[in-house]
Amino acid sequence: MLNKYLFLAFAALWAIFFLYAWSLSRRQAQVRRELEELKNKVAAGPSSHSQPS
Amino acid sequence: MSKIFSPTMHLLVTLVWFMVALYMVFLYAPQEATMGEVQRIFYIHVSSAWTAFLAYFLVFVGSAGYLWKRSPEADHLAQAGGEVGFVFCSAVLVTGPLWARPVWGIWWTWDARLTLTFVLWLLFVSYLMLRRYVSSPGRAETLAAVVGIIGFVDVPIDYMAIRWWRTQHPQPVMAGGEGSGLDPRMWVTLLVTWGAFLCLFAYLMGERLWLAEAGRQLSAIRRGLAIRPSED
């Protein structure tokens, strides 16, 4: 049987890596979304810049 | 900047490398005579520690580069190194006590190596908090760079702590003098595992650098859009 400390160490390691990768991908998705919104605003023309979103 | 691998390919290589490393940790490396199975934590613990040291070195290089040239790329390198390094340093502080409990009978002791590693983790935390909570533009980068440079002093002292002082922490496996060292199969396993960690580190750094650059571009576009109506 796998030693419980060995199991916990590997489980914790993967949890830490996955949590960080998940947080990073969430922030990337948010920046992509904001960039896309800004691109659309710019494409819509100068008059739309001061319009509330 | 052109990349050798696409991020997807890089992630795939990392995953395959980790599978090889896991095979070696559990099936190739021999079982240590006195500690038994729990000694296998050593491969991920040491790999995390070496990677955290490398990350803080990048924080130092990026911080020095920023203070010297005021280059946003250098600042991004320091910022990414600080964040990814925090992840690996946290892994060191979690896997260490899980090895110490069955081997020493205690989770933690304030010996030189453990204390200095905890200080390194606090340095990563303070570096990231400075970046997050100092809002005036330019000031956060400069203050963080100063912390990044001064804090780097901890890394060589932490690395040398088990050579300079008598500690509860095991003696070094590399250049540790007479009686130290590893079985050749353990050495190969350790190096392959560290390679997998470095591959993951490079992947996370690449993704974090992309985020920093995209964030900078986003701010620049926003500033441009905010200025434009008054120019009309």
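## Two antiparallel helices

Helix 4 and helix 6 of chain B are roughly antiparallel to each other, a label for angles over 145 degrees. This is a predicted model, in which local features need pLDDT of at least 70, side-chain atom pairs count only at pLDDT 80 or more, and totals for chains, interfaces and linings use all residues. Residues are numbered from 1 along each chain as its sequence is written, while chains are lettered from A and ligands numbered from 1 in the order in which they are written.

Two packed helices are described by the angle between their axes and the distance between the axes. Here helix 4 (residues 112-133) and helix 6 (residues 154-164) of chain B have axes that come within 8 Å and cross at roughly 160 degrees. Axes are lines fitted to C-alpha atoms, over the stretch in contact, and angles run from 0 to 180 degrees between N-to-C directions. Contact residues of helix 4 of chain B include B:Leu116, B:Leu120 and B:Leu123. On helix 6 of chain B, B:Val155, B:Ile157 and B:Ala161 are among them. Contact means C-beta atoms, placed from the backbone, within 7 Å.

## Helix 4 of chain B

Helices are DSSP runs of H or I, at least four residues, and strands are runs of E, at least two, numbered from the N terminus. Helix 4 of chain B has 22 residues and should span 32 Å at 1.5 Å a residue; its end C-alpha atoms are 31 Å apart, which agrees. The expected span is 1.5 Å times one less than the number of residues.

Its buried residues include B:Arg113, B:Phe124 and B:Tyr127. Buried means 20 or more other C-beta atoms within 10 Å of a residue's own, exposed means 12 or fewer, and partly exposed lies in between; C-beta atoms are placed from the backbone. Helix 2 (41-69), helix 3 (72-104), helix 5 (139-151) and helix 6 of chain B are among what covers them.

## Helix 1 of chain B

Which residues of helix 1 of chain B are buried? They are B:Thr14, B:Ala21, B:Met24 and B:Val25. They cover an arc of only 95 degrees around the axis, which puts them on the same side of helix 1 of chain B. The arc is that of the directions from the helix axis to the C-beta atoms.

The face turned away from this buried side carries exposed residues, including B:Met9, B:Leu12 and B:Val16.

## A loop residue and chain A

B:Arg70 sits in the loop between helix 2 and helix 3 of chain B. B:Arg70 is not a glycine, yet has a positive phi of about 55 degrees. B:Arg70 is partly exposed, with 13 other C-beta atoms within 10 Å.

Chain A has one helix and zero strands. Of its 53 residues, 6% count as buried.

Definitions and conventions. Angles under 35 degrees count as roughly parallel, over 145 as roughly antiparallel, 65 to 115 as roughly perpendicular and the rest as oblique. Two residues are in contact if their C-beta atoms, placed from the backbone, lie within 7 Å.
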